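Please look over the sequence and the structure shown here before reading on. The report below then goes through the two chains part by part.

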Amino acid sequence: MRFSTRINGVTREIECQPGDTLFEVLRRMGLRGVKQGCDREGTCGACTVLLDGKPILSCITPAPKIAGRDLLTIEGLGDITHPHTIQTAYTDAGAVQCGYCSPGMILATKALLDETLTPTREEIAHALSGNLCRCTGYVKIFDAVRDAAATLQQEKEDNER
Amino acid sequence: MIAAYHQPEALDVALDHIANGATPIAGATGLYTGRGKRDLKLVDVTRLGLDKIQVTNDAVIIGATVTLGQLARATDIPTMVGAVLRKAARGIASTPLRNAITLGGNVAHVVYWADMPVALLALDAVVEVQRAGNASSQRPIADCLREGKKAWEGGLITSFRIPLATGTLGFGYERFTRTVSDYAFASTCVTMRVDGGKAADVRVALGAVQSRPARVAELEALIEGNVVNTELLQAVEDKVKDVVKVAPNFRAPADYRRELAAVLTERAVEKAWTWASREDG
């Protein structure tokens, strides 16, 4: 089947089988920031992407669901030469070890900080509740979220002056 | 294998697909787990406009494809009904899963640990079912949760109507999991009002313990018309242990889950009574 959709701000024509998951389609397109860390059960969050701004799990999402919608993957957020503030905060805080969970963590953080730049600890835990980190633990990840929020808040205030 | 994936934007088109053998899906969180049927034809029902929450004078009507994420943030649903639904929805799974799981799917694809049915049972929800070429029909939520032939077979659950009670009801909702996003080991929702100093209109629903979420008539009869005090709470615990048939489960021994259900139910009854008494007085 064929449909068009917006991925990372660019309209794309997608061709896929009816049973393909979004994860499979993205990987085939070369968007390999989505990772598979569980057995397509939706339990690890490594495949997280933002659909119309909300985090979803690409490994259990049928690909046709994104037809005509707006999808953001980690590749659309920033890259090594132009990292997003959240990506910078993750590296500065040492919130990345093996990096496998990082794309999902960072996109879940983006969805949270799009809603509030002053998240409480509970709100951070709630937002990241679907993302497992199997190496660092969560202390530095929480630090990174708070650092990113503070930086984005400062940028917002500076822009409003 | 999935042979076809339809994504209509009109309800009658979706109903025709279902009448012709297509399986409705919404959040699709259970689609890829387990053994898939061969040549499965799917109709995605998330573009039919069934994702609205409407509050009327005497009821809240929740579209079947409202997600648990929407429900968890639905501060416009008034009274205890809103509090119960938000609390139940917020406790389920993780943020990205709540953005996918729908209320309709949580009932249609019911599993014994499903949490929203427990709240819907205690809130006396009525389920609207539509079929191609027929007028819509209404079924009590309990009919849709029974094992055996599905109450909506050949059709689609389109909405849930929950009465907004006149007067004040109290509620208690208790759930135990190992981690925040884990399946419940046991969950319970109790609603009641206090009339003349005694419990009235008592509803006790239990989930994750029996083979399906269900109300427990023996517990409701025990509490109805009585003052909830220490003796009654002990009797509630004893009654749960007596009457609740614990379904087999690899996650924890039956004795442990029976004890857990008894303790959680006793807590939920006490909370519902405290809330209803406070508002009554």
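## A hairpin in chain A

In this predicted model, strand S3 (residues 48–51) of chain A and strand S4 (54–57) of chain A pair in the antiparallel sense, and the pairing runs over four bridges. Within this pair, A:Leu51 of chain A stands opposite A:Lys54, which belongs to S4(A). The two strands form a hairpin with two residues between them, and in that hairpin A:Asp52 takes a positive phi near 50°.

## The two domains of chain A

Chain A is divided into domain 1, covering 2–77, and domain 2, covering 85–160. The centres of the two domains of chain A, taken over C-alpha atoms, are separated by 21 Å, and the contact between them takes 17 residues from domain 1 of chain A and 14 residues from domain 2 of chain A. On the side of domain 1 of chain A that touches domain 2 of chain A, the elements that give two or more residues are S3, S4 and helix H2 (74–77) of chain A.

A:Arg2 is found in strand S1 (residues 2–7) of chain A. Is A:Arg2 buried or exposed? A:Arg2 counts as exposed because it has 9 C-beta neighbours inside 10 Å, and a residue is called exposed if that number is 12 or fewer. Not counting residues up to four places away in sequence, A:Arg2 touches A:Glu13, A:Ile14 and A:Glu15. A:Arg2 and A:Asn131 are 129 residues apart along the chain, and their C-alpha atoms are separated by 31 Å.

## Where chain A meets chain B

Between the chains, 24 residues of chain A are in contact with 20 residues of chain B. Strand S4 (54–57) and helix H5 (121–127) of chain A each supply at least two residues of the side of chain A that touches chain B, and S4(A) gives the most to that side, with four residues. The residues on this side of chain A divide into eleven nonpolar, nine polar and four charged.

## Helix H1 of chain B and the strands around it

Helix H1 (residues 11–19) of chain B has as its buried residues B:Ala14, B:Leu15, B:His17 and B:Ile18. Seen down the axis of H1(B), these buried residues fall within an arc of 155°, so they line one face of the helix. What covers them includes strand S1 (2–6), S2, S3, strand S6 (126–130) and strand S8 (156–163) of chain B. After H1(B) comes B:Gly21, whose phi is positive, near 105°.

S1(B) and S3(B) pair in the parallel sense over four bridges, and B:Ile2 stands opposite B:Leu40 in S3(B). S2(B) and S3(B) likewise pair in the parallel sense, over three bridges, with B:Pro24 opposite B:Val43 in S3(B).

## Two positive phi values in chain B

B:Ala28 lies in the loop between strand S2 (23–25) and strand S3 (40–44) of chain B, and B:Ala28 has a positive phi of about 65° although it is not a glycine. B:Ala28 is buried, because 21 other C-beta atoms lie within 10 Å, where 20 or more are needed.

B:Thr79 is found in helix H3 of chain B, and its phi is near 60°, a positive value in a residue other than glycine. With 16 C-beta neighbours inside 10 Å, B:Thr79 counts as partly exposed.

## The two domains of chain B

Chain B is divided into domain 1 (49–163) and domain 2 (170–280), and the C-alpha centres of these two domains of chain B lie 21 Å apart. In the contact between them, 24 residues of domain 1 of chain B meet 23 residues of domain 2 of chain B. Helix H3 (79–90), helix H6 (116–122) and helix H7 (141–145) of chain B each supply at least two residues of the side of domain 1 of chain B that touches domain 2 of chain B. By class, that side has 17 nonpolar, two polar and five charged residues.

Definitions and conventions. Residues are numbered from 1 along each chain as its sequence is written. Chains are lettered from A and ligands numbered from 1 in the order in which they are written. This is a predicted model: local features need pLDDT of at least 70, side-chain atom pairs count only at pLDDT 80 or more; totals for chains, interfaces and linings use all residues. Two residues are in contact if their C-beta atoms, placed from the backbone, lie within 7 Å. Ala, Val, Leu, Ile, Met, Phe, Trp, Tyr, Cys and Pro count as nonpolar, Asp, Glu, Lys and Arg as charged, and the others, Gly among them, as polar. Domain bounds come from an automatic or database domain assignment. The arc is that of the directions from the helix axis to the C-beta atoms. Two strands pair if DSSP finds at least two bridges between them.
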